[in-house]
Amino acid sequence: MSAEGEFTLSATPMAGLDDETALRLLRDGHLEVEGRLVEASNMTLYCSVRLGGLSAACVYKPVRGERPLWDFPDGTLASREVAAFEVSAATGWRIVPPTVYRDGPFGPGMCQLWIDADPDVDLMVLIRSRQPSLRRMAVFDAVVNNADRKGGHLLPLPDGHVHGVDHGVCFATENKLRTVLWQWRGKPLSREAVNVLARLERDLEQGSLGHRLRELLTPAEVEATGARVRKLLDTGLHPLPSQDWPAIPWPPI
Ligand SMILES: Nc1ncnc2c1ncn2[C@@H]1O[C@H](COP(=O)(O)OP(=O)(O)O)[C@@H](O)[C@H]1O
Ligand SMILES: [Mg+2]
């Protein structure tokens with residue numbers, strides 16, 4: 001997607017920033033709006049962030065720019081995006097780019113490292129593939145109950161890793177899993193996924209993940225997240241599409 005506006009796009013994405021440095025930069029850096037992502041449904045701003053000699057491009061979504069959603073009456077899209085990052089960080093799968101909640105020129109919101117996706121990857125081909133990074137994302141989406149995993153929310157890198165973005169409509173207490181990644185439906189979870197889910201369960205119950213999520217989500221949403229992890233571990237299977245909810249986002253890309 002292109003960024004457009006009366007500003008020039010001078011922010012330089014920092015390839016190779018480690019996650020901790022990226023988080024510090026996003027949290028403490030000087031945030032400057034460079035343009036608006038015109039096709040985005042909410043106020044999604046392309047920005048630069050600078051701290052000392054470091055700089056990077058990022059996405060900033062102020063809470064003030066959020067449209068109310070009837071099916072997500074509590075909380076904010078921005079805090080759910082940060083919660084999705086926290087879950088992703090706890091898995092160790094690096095699905096969601098570094099994301100923080102912070103103040104900015106249009107008030108508090110989420111701020112996420114900009115990822116330069118590989119323009120040569122055909123998203124229609126990618127979403128049908130069985131790449132391990134997508135299989136992990138399918139498990140992640142089941143945990144966070146992602147209601148909007150479309151092709152455009154995948155950011156493939158030249159090395160084969162795939163990042164996922166736009167997690168504002170996750171963490172509903174009812175099943176709302178809506179995704180293009182159904183290729184593993186009903187299949188046994190990989191051993192790796194089972195190990196990661198077992199770790200997540202502990203981290204939610206006794207570790208820092210539970211604390212962090214309780215600051216970002218409602219108690220019921222945190223509880224439902226734990227229940228989804230336990231259900232995945234109990235069944236040992238990737239979930240099946242729901243019969244009473246459209247299981248594929250429209251448009252799928
Ligand atoms: N961190 C990011 N790095 C690179 N591109 C991004 C990032 N976040 C979003 N985008 C691009 O911007 C588009 C719109 O952002 P998105 O998060 O989907 O906003 P909205 O909530 O308004 O739909 C995405 O489909 C993707 O192409
Ligand atoms: Mg989007």
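A residue counts as buried if 20 or more other C-beta atoms lie within 10 Å of its own. That cut-off is used in the legends below, which describe a predicted model.

**Figure 1. Strand β5 is enclosed within the protein.** Five of the five residues of β5 are buried. The strand is therefore largely enclosed by the rest of the structure. β5 (residues 109-113) pairs with β3 (residues 54-62) in the antiparallel sense, over five bridges. β5 also pairs with β4, again antiparallel, over four bridges. Met-110 of β5 is the bridge partner of Lys-61. Met-110 also stands opposite Tyr-101.

**Figure 2. Five strands form an open sheet.** The strand order is β1-β2-β3-β5-β4, and the pairing is antiparallel. Which strands stand at the edges? They are β1 (30-36) and β4 (99-102). Each has a single partner strand, so one side of each is left without a neighbour in the sheet. Direction ignored, neighbouring strands are turned by 35° against each other on average. Helix α2 packs on this sheet and touches β3, β4 and β5. The direction of α2 makes about 145° with that of β4. Strands of a sheet pair through backbone hydrogen bonds.

**Figure 3. The β4-β5 hairpin contains a glycine with positive phi.** Six residues lie between the two strands of the hairpin. Gly-107 takes a positive phi near 90°.

**Figure 4. Helices α2 and α6 pack against each other.** The axes of α2 (residues 77-91) and α6 (residues 208-216) come within 9 Å. They cross at roughly 170°. That makes α2 roughly antiparallel to α6, because angles over 145 degrees count as roughly antiparallel. From α2, the contact is made by Ser-79, Val-82, Ala-83, Glu-86 and Ala-90. From α6 come Leu-209, Arg-212, Leu-213 and Leu-216. By class, the contact has six nonpolar, one polar and two charged residues.

**Figure 5. Leu-155 touches residues on both sides of it in sequence.** Leu-155 is found in strand β6 (residues 154-156). Not counting residues up to four places away in sequence, Leu-155 touches Ile-115, Ala-117, Val-162, His-163 and Val-165. Pro-119 is 36 residues from Leu-155 along the chain. The C-alpha atoms of these two residues are separated by 9.3 Å.

**Figure 6. Arg-94 has a positive phi.** Phi of Arg-94 is near 50°, in a residue other than glycine. Where is Arg-94 placed? Arg-94 is in the loop between α2 and β4. The residue is partly exposed, with 15 other C-beta atoms within 10 Å.

**Figure 7. Asn-145 is a buried loop residue with a positive phi.** Asn-145 sits in the loop between α4 (132-144) and β6. Its phi is near 60°, and the residue is not a glycine. Why does Asn-145 count as buried? Asn-145 has 21 C-beta neighbours inside 10 Å, and the cut-off for a buried residue is 20 or more.

**Figure 8. A cis peptide bond joins Trp-250 and Pro-251.** Omega of this bond is about -5°. Pro-251 is placed in the segment after α7 (219-235).

Figure 9. Read along the sequence, the pattern is α-β-β-β-α-β-β-α-α-β-β-α-α-α. The C-alpha atoms fill a box of roughly 50 × 40 × 35 Å, taken along the principal axes. With 253 residues, a compact globule would have a radius of gyration near 18 Å. The protein has 17 Å, which agrees. Buried residues make up 42% of the 253 residues. Of the contacts between residues at least 6 apart in sequence, 72% join residues at least 24 apart.

Key: Residues numbered from 1 in each chain as written. Chains lettered and ligands numbered in written order. Predicted model: local features only at pLDDT ≥ 70, side-chain atom pairs only at ≥ 80, totals over all residues. Axes fitted to C-alpha atoms, helices over the stretch in contact; angles between N-to-C directions. Parallel < 35°, antiparallel > 145°, perpendicular 65-115°, else oblique. Contact = placed C-beta atoms within 7 Å. Nonpolar A, V, L, I, M, F, W, Y, C, P; charged D, E, K, R; others polar. Pairing = 2+ DSSP bridges. Rg over C-alpha atoms; globule rule 2.2 N^0.38 Å. Buried ≥ 20, exposed ≤ 12 C-beta atoms within 10 Å, placed from the backbone.
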